[in-house]
Amino acid sequence: MTDMPVFGAGIWHFATYKDRYATDGYGEPVGLLEQIDRAGAVGDLSVVDLNWPFAGYDGTLDEVKAALQRNNLKAIAITPEIYTRDFVKGSLTNPDPGVRKQALELLHQATELAKDLGCSYVKLWPGQDGWDYPFQVNYHDIWNLALDGLKELVSAIRTSTS
C-alpha cells in the first residue's frame with residue numbers, strides 16, 4: 001500500500017486541442033489509443049476520464065481495455081459528450097423531446113460503458129443546459145426536465161443492477 005494520492009487526468013489533455021482560433025486543432029489528430037499511450041507515459045498517473053462516444057475511434061472496446069492495461073491505467077470515469085453541437089439548446093433540458101431522448105440514450109450508453117470498464121462514476125457536464133439572461137427560459141419547466149431525465153437515468157441503473 002502507498003501513501004501517494006491517486007492522480008488522474010481527462011484523456012482530452014492528451015489529444016489535439018481545438019478552440020475558436022484553431023478549429024482544426026493545434027497539431028495532427030491524435031487517436032484514442034495514442035492518447036492512452038501518452039497518458040501512460042506521464043509516470044505516476046494512474047486513472048483517466050474517458051469521453052463517450054470515443055471521438056474518431058472505430059476500434060473495439062477490447063483494444064481500449066488493452067491500451068489501458070499496457071499503460072497501467074484505469075478508467076475512473078466516463079464523461080458523455082452532452083455538450084456538443086447536437087445539444088446546443090441543452091441535453092436533458094432541450095425543448096425538443098427528440099433531442100432529450102438522444103441525450104438520454106447517450107447517457108445510458110455511457111453508463112453501460114462505465115460499468116463494463118469498472119469505472120467509479122459517470123461524470124455529467126451539462127455545459128449547454130444553461131442560459132445567459134434572466135427570463136430567457138421558464139426555469140421551473142427546465143428544472144423539471146432536468147430532474148425527469150436524471151430520474152430516468154438513475155432508475156434504469158438501479159433496475160439493471162438489482
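**Figure 1. Surroundings of Gln35 in the predicted model.** Gln35 touches Ile11, Phe14, Ala15 and Val30, leaving out residues up to four places away in sequence. The model shown here and in the following views is predicted. Gln35 belongs to helix α1, which spans residues 32–40. Its relative accessible area is 9%, and because the limit for a buried residue is under 20%, Gln35 is classed as buried. The view also takes in His13, which lies 22 residues from Gln35 in sequence. The C-alpha atoms of Gln35 and His13 are 8.3 Å apart.

**Figure 2. Overview of the protein.** The secondary structure consists of 4 helices and 4 strands, and along the sequence these follow the pattern β-α-β-α-β-α-β-α. Along the principal axes, the C-alpha atoms fill a box of roughly 50 × 50 × 35 Å. The protein has 162 residues, of which 34% count as buried. Its accessible surface is about 10,400 Å², and carbon and sulfur atoms contribute 55% of that area. Among contacts with a separation of 6 or more, 73% are between residues 24 or more positions apart.

**Figure 3. Packing of helix α1 against helix α2.** The axes of α1 and α2 come within 9 Å of each other and cross at roughly 15°. Angles under 35 degrees count as roughly parallel, so α1 is roughly parallel to α2. The crossing of these two helices is right-handed. On the α1 side, the contact involves Leu32, Leu33, Ile36 and Asp37. On the α2 side, these residues meet Glu63, Val64, Ala67, Leu68 and Arg70. By class, the contact of α1 with α2 comprises 6 nonpolar residues, no polar residues and 3 charged residues.

**Figure 4. Packing of helix α2 against helix α3.** Helix α2 covers residues 61–70 and helix α3 covers residues 97–117. The two pack at an angle of about 45°, and their axes are 12 Å apart. At this angle α2 and α3 are oblique to each other. Their crossing is right-handed. Leu61, Lys65 and Leu68 of α2 make the contact with Leu113, Asp116 and Leu117 of α3. The contact of α2 with α3 has 4 nonpolar and 2 charged residues, and no polar ones. Leu68 is listed in the contact of α2 with α1 and again in the contact of α2 with α3.

**Figure 5. The cis peptide bond between Trp52 and Pro53.** The peptide bond that joins Trp52 and Pro53 is cis, with omega about 0°. Strand β2 runs over residues 45–52. Pro53 is found in the loop that lies between β2 and α2.

**Figure 6. Asn72, a residue with positive phi.** Phi of Asn72 is near 55°, a positive value in a residue other than glycine. Asn72 lies in the loop between α2 and β3, the latter being residues 74–80. The relative accessibility of Asn72 is 64%. A residue counts as exposed over 50%, so Asn72 is placed in the exposed class.

**Figure 7. Phe135, also with positive phi.** The phi angle of Phe135 is positive, about 65°, although the residue is not a glycine. Phe135 is in the loop that connects β4, residues 121–122, with α4, residues 139–161. With a relative accessible area of 76%, Phe135 is exposed.

Figure 8. Phe87 lies in the loop between strand β3 and helix α3. At 2% relative accessibility, Phe87 counts as buried. Leaving aside neighbours within four places in sequence, the contacts of Phe87 include Glu81 and Ile82. Pro126 is 39 residues from Phe87 along the chain, and the C-alpha atoms of the two are separated by 9.3 Å.

Note on methods:
Residues numbered from 1 in each chain as written. Predicted model: local features only at pLDDT ≥ 70, side-chain atom pairs only at ≥ 80, totals over all residues. Heavy atoms only, no water. Axes fitted to C-alpha atoms, helices over the stretch in contact; angles between N-to-C directions. Parallel < 35°, antiparallel > 145°, perpendicular 65-115°, else oblique. Left-handed = near helix turned anticlockwise from the far one by under 90°. Contact = heavy atoms within 4.5 Å. Nonpolar A, V, L, I, M, F, W, Y, C, P; charged D, E, K, R; others polar. Buried < 20%, exposed > 50% of the residue type's maximum accessible area, 1.4 Å probe, protein only. Areas by Shrake-Rupley, 256 points an atom, 1.4 Å probe, with all protein chains shown as cover.
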